[in-house]
Amino acid sequence: MSTALTFAGLTLREAARRKVLRALGLLTLALLGLSAWGFAKLATVDPEFGALTSGEARLFASQLLNLVMFGYSLIAALGTAFLAGPTLSGEVESGQALSILARPVRRATVLAGKWLGLVAFGTGYVFAAGLAQFAVVYWAVGFWPPDPVVGLLLLAAQTTVLMTLALLLATAVSPMASGIVAVGLFGATWVAGVVGSVGELIGNDGVARVGEVSRMLLPTDGLWRGAMHAFQDTTSLAAAGFEGSPFLAIAPLSGGYLLWVAIWLVLIGGLAALSFGRRDV
C-alpha cells in the first residue's frame with residue numbers, strides 16, 4: 001500500500017506539470033465566468049408579463065445548474081481521459097516505464113498507484129469546480145442544491161469510471177487513441193441515455209431498453225442522472241410538470257445500481273491489471 005501511495009503522489013505531481021491541467025483551469029474559469037453572468041441576469045428575465053419571481057428564478061436555476069454541471073462533468077471526463085493515456089501508455093512508449101518496472105515492483109502496484117492518483121485528481125477537480133459553481137448560483141439567485149455532496153460524489157464516481165476505462169485502453173493502444181475512444185464512449189452513452197429516457201416517456205419498452213443497457217455497460221450516464229437528481233429541486237420541478245423531461249432525473253439511483261458500479265470498477269480495473277501485466281515494455 002505504501003508503494004501504491006508513493007506512485008499516487010508521483011502521478012499527481014506529474015499531472016500538475018502537464019499542459020492539460022492549465023487547459024482545464026482555463027475552461028473552468030471561462031465556464032464559471034459565463035455562468036455567473038447568466039445566473040445574475042436570470043432574475044431580471046422578462047418572460048412575458050414581468051420579471052421572474054424568486055420561486056421561478058429558483059426553478060429555472062435548478063434546471064440551468066444541471067446543464068452547467070454537465071459541462072464540468074465533460075471537462076473532468078476530457079481531463080482524466082487524456083491524462084490516463086500519457087500516464088501509462090506514454091511512459092511505456094517512451095521507455096520511461098523500464099526504469100520503474102525493472103525494479104522489484106509489481107505492475108499491479110504501479111497501476112493501482114496511478115489509478116489512485118488520477119482518482120484524487122478527478123475528485124479534487126469535481127469538488128473544487130462544483131462548490132465554486134454552487135457559490136456562484138447562490139450569490140446570483142439564492143439557490144443551493146438539495147444534496148450537493150451526494151451529487152458531487154456521483155460526479156466524482158463518473159469521472160473515476162471513465163478514467164478506469166481509459167487506463168484499460170491505455171494498456172493496449174496509444175495515449176491519444178485511448179483518450180479519444182474513452183471520450184467517444186462517454187458521449188455515445190449519454191446519447192443512448194437520452195434516447196432511453198425518450199422511450200420511457202413515450203412508453204416504448206424497446207427504445208427505453210437502449211438507455212438501460214448502455215448504463216449497465218458504461219455507468220457514466222447512470223451516475224450523471226443520479227447527480228442531476230441531487231442537484232435539482234425535484235419538488236418544484238414536479239409541481240411545474242417537468243417530471244417527464246428526458247433531460248431531468250426525478251428518481252435517485254438505487255442501491256443495486258451503485259453496487260453494480262462498484263463491481264464494474266473492480267472488473268475493469270482487474271482487466272487493466274491483467275492487460276498491463278502481459279504488455280511487453
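The model is predicted. The protein chain has 11 helices and zero strands, so read from the N terminus its elements are α-α-α-α-α-α-α-α-α-α-α. Buried residues account for 44% of the 281 residues in the protein chain. Among contacts in the protein chain with a separation of 6 or more, 79% are between residues 24 or more positions apart.

**Helix H6 with helix H7**

- Helix H6 covers residues 148-170 and helix H7 covers residues 175-202; the two pack at an angle of about 140°, and their axes are 9 Å apart.
- That angle makes H6 oblique to H7.
- The crossing of H6 and H7 is right-handed.
- On the H6 side the contact is made by Gln158, Leu162, Leu165, Ala166, Leu169 and Ala170, and on the H7 side by Ser178, Val181, Ala182, Leu185 and Phe186.
- The residues of this contact of H6 with H7 comprise nine nonpolar, two polar and no charged.

**Helix H6 with helix H11**

- H6 also packs with helix H11 (residues 255-278): their axes come within 9 Å and cross at roughly 25°.
- H6 and H11 are therefore roughly parallel to each other, since angles under 35 degrees count as such.
- The crossing in which H6 passes H11 is left-handed.
- From H6, the residues Leu154, Thr160, Val161, Thr164, Leu165 and Leu168 take part; from H11, they meet Leu258, Val261, Trp264, Leu265, Ile268, Gly269, Leu271 and Ala272.
- Sorted by class, the contact of H6 with H11 holds 11 nonpolar, three polar and no charged residues.
- Leu165 of H6 is listed in the contact with H7 and also in the contact with H11.

**Helix H7 and its end**

- H7 has 28 residues, which at 1.5 Å a residue should span 40 Å; the end C-alpha atoms of H7 are 41 Å apart, in agreement with this.
- Just after H7, glycine 203 has a positive phi of about 80°.
- H7 packs with helix H8 (residues 205-217) at an angle of about 145°, with the axes 6 Å apart.
- H7 passes H8 in a crossing that is left-handed.
- In H7, Thr189, Ala192, Gly193, Val195, Gly196, Ser197, Gly199 and Glu200 form the contact; their partners in H8 are Val207, Ala208, Val210, Gly211, Glu212, Ser214 and Arg215.
- The contact of H7 with H8 divides by class into five nonpolar, seven polar and three charged residues.

**Helix H9**

- Because 12 of the 12 residues of H9 are buried, H9 is largely enclosed by the rest of the structure.
- The buried residues of H9 include Asp221, Trp224, Arg225, Met228, His229 and Phe231.

**Arginine 106**

- Arginine 106 sits in the loop between helix H4 (96-101) and helix H5 (107-141).
- Its relative accessibility is 63%, so arginine 106 counts as exposed, the cut-off being over 50%.
- Arginine 106 and glycine 277 are 171 residues apart along the chain, and their C-alpha atoms are separated by 8.6 Å.

Methods. Residues are numbered from 1 along each chain as its sequence is written. This is a predicted model: local features need pLDDT of at least 70, side-chain atom pairs count only at pLDDT 80 or more; totals for chains, interfaces and linings use all residues. Side-chain values use heavy atoms; hydrogens and water are left out. Axes are lines fitted to C-alpha atoms, for helices over the stretch in contact, and angles run from 0 to 180 degrees between N-to-C directions. Helices (H or I, at least four residues) and strands (E, at least two) are DSSP runs, numbered from the N terminus. Angles under 35 degrees count as roughly parallel, over 145 as roughly antiparallel, 65 to 115 as roughly perpendicular and the rest as oblique. A crossing is left-handed if the near helix is turned anticlockwise from the far one by less than a right angle, and right-handed if clockwise. Contact means heavy atoms within 4.5 Å. Ala, Val, Leu, Ile, Met, Phe, Trp, Tyr, Cys and Pro count as nonpolar, Asp, Glu, Lys and Arg as charged, and the others, Gly among them, as polar. Buried means under 20% relative accessible area, exposed over 50%, partly exposed in between (1.4 Å probe, protein chains only). The expected span of a helix is 1.5 Å times one less than its number of residues.
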